[in-house]
Amino acid sequence: MSSHTAKQIAAQQATFRQLVDVATIREDFPILHQRAGGDRLIYLDSGASSQKPTQVIEAMDSYYRTTHSNVHRGVYSIAATATELYEQSRRKIARFFNAKQEETVFTKNATEAINLVAYSWGRSNLGPGDVIVLTPMEHHANLVPWMIVAEQTGATIRHLDLTPEGQLRTDNLQAKLQGAKLFAFCGASNVLGTINPVKQLVARARSQGITTLVDMAQWAPHMPMDFADLGADFMAVTGHKMLGPTGIGVLLGRQELLDSMPPFLGGGDMIADVQLTNFTPTSLPVKFEAGTPPIAEAIGLGAAIDYLQDIGMDPVREHERTLTAYALQGLQSRFGDTITIHGPLDADKRGGTVSFSLQDIHPHDVSQVLDHHNVCVRAGHHCAKPLMRILGETATARASFHIYNDTDDVDALCNALDETVKYFGRQK
Amino acid sequence: MSDSGALDELYKQVILDHYRSPRNRGELSAPAVRAVGHNPLCGDEVIVSLVIDNDQMITDIMVSGSGCSISQSAASMMSVAVKGQTASAARETTRAFKEMMSVHEDSLETDNSNRSNIESAAPGHHLGDLEALRGVVKFPVRIKCALLSWNTLLEAIDSAGNSDL
């Protein structure tokens, strides 16, 4: 490596440390203190699920220890407190995403949020011949529910095209959206890292009278997200990828739309009145929250939002953009032709998700050797089998970053990959 | 590498040899039967095609597919182990192999007793090269990789109309 490149890297590292104090942040994440035989855990799979700060863990723990009760039901004081904490979380989340409370529906995860729209909006708005436009880079969560609903309603599915760089082709967008009723796409790809131009795509669709749903599972944890400004009809978010617990997600939906939609799941809480043979749903947003909700989880997500808010989503994005640039440069310079990196190579066009293939070494085996060095990366199809086929892979390895990762982690990844190549090379 | 001992348990020379130079690689055409196995969690794929004659003998077998070193080497070793066996002997070998895969890492004593169980339960079935896969049990997530070709083999045998379980 030339001294010029080394200087560049040193400068990057220095800039990096000014952005976000990763060392201090790491102190908040107990699992990252773990010493497995002396080495710390180098967790590079936040794209699958993020780690949790003590603030989130303690918020849920404290809830259970001091004030758990079912919500919306009791008159006694801990019930009132539980309800207040739950709704306070909703308010926080709504504010964080610049949505109204009536537009902020708690779900189990982003997958359920998309299914809610597919069943509740889809089944009452789609019919034979109606067109749903999707993209080939979607996670199965934003493909399968539409296939199910298309079969039930007689609607058909059309896909946008991808560029060789792994972005959405927009030159033929007008034609692709022609006559469609719904356009569903991801804000950011969980495989390619591609950040899509959400606001522009939504605007184009809306100008053609098309309803839009954007899967923001990989966007919300990493970048500022303004529901009102971005203009989509629906957005799906999952809590566990943004420092929150598993079992909680959010559907953001424009109030007029949600008002017009029939309920998704039926049961307690979502009703205003129930007779023996019919019921009246209650108002938004609880109309779409049947049964006892994941109360502790909602409170945990509220604490996660507080945590991210304290750092600020602009610094979060800048931190990950710089780190991703460092990673892309490091991987390319150290592995050259023996590594294929999928998705845009420009860190401005992508998030901190880096899928790659090492020549002649299967991703499973890469992941296995990396595990031996306490580096956690994902190997597989990442719930994006159609995309894998387009990339000509059955599986890739994937490293994904979050606020608790830094250049030392990327160095550890590159060193471990080096060891992987040596290990399998030695065995020849 | 600081200490590759644990990895060496998994990636034995025999395994990597079968991965680099897989035996019986390819696909048989009719009248061979064909079965395709997938590991849906990760994308490993194994295709087993085989011919069983009137005496229930697996006279020919080939494997193809793509995936990690464990899944593909196990497929290669499996094909060597069962070629020339009767269908029922192949099922026995499969059972013996699966038993070996179920041993837990904290019971080395069980490991040895199972070994003798395997040898006595399946006389004449030399696990041979398959012994190299014993290390997979210490990496439970990879057990599915090792088992994929065996489950696909059973499917192929079943579809050839031999179900003398």
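This is a predicted model: local features need pLDDT of at least 70, side-chain atom pairs count only at pLDDT 80 or more; totals for chains, interfaces and linings use all residues.
**Stop 1**

Chain B has 165 residues, and buried residues make up 50% of them. Chain B exposes about 7400 Å². Carbon and sulfur atoms supply 52% of that area.

Now think about contacts within chain B. Take those between residues at least 6 apart in sequence: 69% of them join residues at least 24 apart.

**Stop 2**

Select B:K138 and B:E9. Their side chains meet in a salt bridge, 3.8 Å from N to O. The two residues are 129 residues apart, so to speak of sequence, and the pair links distant parts of the chain. B:K138 sits in the loop between α5 (108-121) and α6 (143-159) of chain B, while B:E9 belongs to helix α1 (residues 5-10) of chain B. Are these two residues buried or exposed, or something in between? B:K138 is partly exposed at 38% relative accessibility. B:E9 is partly exposed too, at 31%.

**Stop 3**

Move to helix α4 (residues 87-101) of chain B and select B:R95 and B:E92. They form a salt bridge, with the closest N and O atoms 3.1 Å apart. The two residues are three apart in the helix, which means that about one helical turn separates them. B:R95 is partly exposed, with a relative accessible area of 43%. B:E92 is partly exposed as well, at 26%.

**Stop 1: where the chains meet**

Bring chain A back. Select the residues of each chain that touch the other. Chain A gives 17 residues to the contact, and chain B gives 24. The area buried between the two chains is about 1900 Å². Carbon and sulfur atoms give 51% of it.

How many salt bridges are there between chain A and chain B? The count is one. Zoom in on B:R142 and A:D365 to see it: their closest N and O atoms are 2.9 Å apart. Side chains of opposite charge can pair when their charged atoms come close. Seven residue pairs are in polar contact between chain A and chain B, both residues at pLDDT 80 or more.

Which elements of chain A give two or more residues to this side? They are α13 (363-372) and α15 (407-426) of chain A. The largest share, five residues, comes from α13(A). Colour the chain A side by class. You get four nonpolar, nine polar and four charged residues.

**Stop 2: a loop tied to a helix in chain A**

Widen the view. The whole structure holds 32 salt bridges over all chains. One of them joins A:D161 and A:K176, with the closest N and O atoms 3.6 Å apart. A:D161 lies in the loop between β6 (156-159) and α7 (173-177) of chain A, and A:K176 lies in helix α7, so the pair ties together parts that are 15 residues apart in sequence. Check the surface at both ends. A:D161 is partly exposed, with a relative accessible area of 25%. A:K176 has 18% relative accessibility and counts as buried.

**Stop 3**

Select A:R26, in helix α2 (residues 22-27) of chain A. A:R26 is buried, with a relative accessible area of 14%. Look at the side chains of A:R26 and A:D409: they make a polar contact at 3.0 Å.

Now show what else surrounds A:R26. Leaving aside neighbours within four places in sequence, its contacts include A:L32, A:H33, A:Y404 and A:N405.

**Stop 4: A:R317**

Finish in helix α12 (residues 313-335) of chain A, where you will find A:R317. A:R317 counts as buried, at 14% relative accessibility. What does the side chain of A:R317 reach at 3.2 Å? It reaches the backbone oxygen of A:A347.

A:R317 and A:G351 are 34 residues apart in sequence, yet their C-alpha atoms are 8.3 Å apart in space. Then show the rest of the surroundings. Leaving aside neighbours within four places in sequence, A:R317 is in contact with residues including A:I195, A:H222, A:M223 and A:P224. A:D348 and A:R350 are also among its contacts.

Technical notes. Residues are numbered from 1 along each chain as its sequence is written. Chains are lettered from A and ligands numbered from 1 in the order in which they are written. Side-chain values use heavy atoms; hydrogens and water are left out. Contact means heavy atoms within 4.5 Å. Buried area is the accessible area (1.4 Å probe) that two parts lose on being put together, summed over both. A salt bridge is a side-chain nitrogen of Lys or Arg within 4 Å of a carboxyl oxygen of Asp or Glu. A polar contact is a pair of N or O atoms within 3.5 Å; within protein, one must be able to donate a hydrogen and the other to accept it, and residues adjacent in sequence count only if both atoms are side-chain atoms. Helices (H or I, at least four residues) and strands (E, at least two) are DSSP runs, numbered from the N terminus. Ala, Val, Leu, Ile, Met, Phe, Trp, Tyr, Cys and Pro count as nonpolar, Asp, Glu, Lys and Arg as charged, and the others, Gly among them, as polar. Buried means under 20% relative accessible area, exposed over 50%, partly exposed in between (1.4 Å probe, protein chains only). Accessible areas come from the Shrake-Rupley method with a 1.4 Å probe; for residues, only the protein chains shown count as cover.
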